[in-house]
Amino acid sequence: MAEDLWAALAGPFVEDAYRSVKGYVRTVVLHRHLQRHLPRPPAAVLDVGGGAGHQSLPLARAGYDVTILDPSAAMLAKARARISAEPEDVQARVRLIEAPGERADEATGGRRFAAVLCHGVLMYLSDPEPVVAALCRSADHGGIVSVLALNARTLAIRPALERRWDDALAAFDATSETGVLGTDTRGDTVEGLSVLLGRHGAEPQAWYGGWLFADWLDLPPETTDLAAAARVEFEASVRDPYRQLSRVFHLIARRPADPEGTLRTARLVLAPMPLELMRAVVAEDRSTVARLLGAGFPDEWGADEWFWLPRWLSEVDRDPTLLPWGPHLLLQMGQDGSRTVVGEAGFHGRPDPDGVAEFGYMTVREHRRRGYAEEAVRALLGWGQRQEGVRTFRATVDPANDASIGLLRKLAFAQVGRRIHPERGEELVFERAASQAR
Ligand SMILES: C[S@@+](CC[C@H](N)C(=O)[O-])C[C@H]1O[C@@H](n2cnc3c(N)ncnc32)[C@H](O)[C@@H]1O
């Protein structure tokens, strides 16, 4: 960042805002809601605009794997100081990245997170969409996006309570104001932000209010029953009309779970290749492939390995329901949300009129001899058995590929012939009845 706009605000925000009753209430209420939507630890959490880590450090203490991303070096320095006071195991679960939210997915190397938080950030951005898009890209399938935004519908309350009547009148139709930190802040609406999240692939699930009475009243921490105040705010945050009057709102959206045809095994996700990804592979556009995949594409995979993809792509272009019958990338998922491509496996289309479903697979060289191909092929055949019209499984192999022949025999395949493939040369043909359990 050329200029750290948050350097001057880091002190007031961290020292004052979080020490106030409002800071306490915000954290308690927000976390109670968040916990209901989060998967169990050690799921990976990305806190975009995470500042000094007030929202995500409690999650690291609870066992989550936390990445705090923020463009402000000053805010991250505060985060670093707070983290250093934590026990070693908590410290080890937190990572800091200096980058703007708009580039969250690139800056985290395309990792996908079980939860992506963005609390109290959108209000400082003139256009929220680039960050919202990056939040959605960073969330894994089935993962949540949790946003805390300024409520544009209640901007008249504060000036009215301060008896600034002209300002209050103007605020009814305003979309921004000067916020508590003295900066311009922009309001959002639950409906507007829901549309934006939906446009980028995350479906709104629930929304809650944040700060109602704690925003209206002057509450000195020394004389306030904090727990009781938080209980009242929590009740107000879940019911109308109170939550609608809140100063900020908390919206939770979720990316849909796995696309159709996705298969999961103990160590792998078999992810059907979407059209966009296939196009990028055919075009040998490696940077787009990596961006879409959220993982590096194996160096050894060039046009030779994918010579059959253009034809498959044109078939799927005509009939997208074919996708689950095509190539799946074998992704090995790290506990930290990282994805490694270890191979590919899939059918070569729907079964032919005789009920023969042909399939193929390949494992990336450095990931061979670990049983990935067997794990993937077993999952693929299990899926094939459940599909209508499949009577026989067929695979063809290079006669010199002992490992592949060994795997097919292990899975009860028998050689039924030989054939000459126009591109690959001589191949052995193996078949097995689909109904045969193995
Ligand atoms: C009010 S603080 C909120 C910090 C934290 N999310 C919390 O709730 O405690 C706003 C944070 O947004 C960060 N920020 C500003 N512009 C941003 C951007 N374009 N992308 C991501 N974060 C940004 C600031 O550096 C600051 O840390």
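The model described here is predicted. Helix α13 covers residues 275–282, and its buried residues are M278, A280 and V281. Viewed along the axis of α13, these buried residues fall within an arc of 160°, so they line one face of the helix. Their packing partners are α14 (286–293) and α15 (309–318). After α13 comes E284, which has a positive phi near 55°.

Just after α10, G201 takes a positive phi of about 95°.

| α13 | 275–282 | M278, A280, V281 | 160° |

A residue is buried if 20 or more other C-beta atoms lie within 10 Å of its own. A107 has 21 C-beta neighbours inside 10 Å, so A107 counts as buried. Apart from neighbours within four places in sequence, A107 is in contact with L69, I97 and A99. One of these, I97, is ten residues from A107 in sequence and 7.5 Å from it in space, C-alpha to C-alpha.

The whole chain comes next. The protein chain has 438 residues, of which 40% count as buried. It holds 17 helices and 17 strands, and its C-alpha trace spans about 90 × 45 × 40 Å along the principal axes. Among contacts with a separation of 6 or more, 67% are between residues 24 or more positions apart.

The largest nonpolar core has 70 residues, and V45, V48, V116, L135 and V145 touch the most other members. Strand β5, residues 139–150, gives the most to this core, with seven residues. Setting aside neighbours within four places in sequence, L135 is in contact with V48, A104, V116, C118 and V145. A second, separate core has 38 residues, including A271, W325, A379 and F430.

The domain assignment divides the chain into domain 1 (7–254) and domain 2 (263–433). The C-alpha centres of the two domains lie 42 Å apart. Where the domains meet, eight residues of domain 1 are in contact with nine residues of domain 2. On the domain 1 side, the touching residues divide into three nonpolar, one polar and four charged.

The model also contains a ligand, which is surrounded by 21 residues. The closest of them are W6, G49, G51, S72 and G101. By class, the shell around the ligand has ten nonpolar, nine polar and two charged residues.

Terms used: Residues are numbered from 1 along each chain as its sequence is written. This is a predicted model: local features need pLDDT of at least 70, side-chain atom pairs count only at pLDDT 80 or more; totals for chains, interfaces and linings use all residues. A residue is near a molecule or strand if its C-beta atom, placed from the backbone, lies within 6 Å of it. Ala, Val, Leu, Ile, Met, Phe, Trp, Tyr, Cys and Pro count as nonpolar, Asp, Glu, Lys and Arg as charged, and the others, Gly among them, as polar. Domain bounds come from an automatic or database domain assignment. Two residues are in contact if their C-beta atoms, placed from the backbone, lie within 7 Å. A nonpolar core is a set of buried Ala, Val, Leu, Ile, Met, Phe, Trp, Tyr and Cys residues joined through C-beta atoms within 7 Å. A residue is buried if 20 or more other C-beta atoms lie within 10 Å of its own, exposed if 12 or fewer, and partly exposed in between; C-beta atoms are placed from the backbone. Helices (H or I, at least four residues) and strands (E, at least two) are DSSP runs, numbered from the N terminus. The arc is that of the directions from the helix axis to the C-beta atoms.
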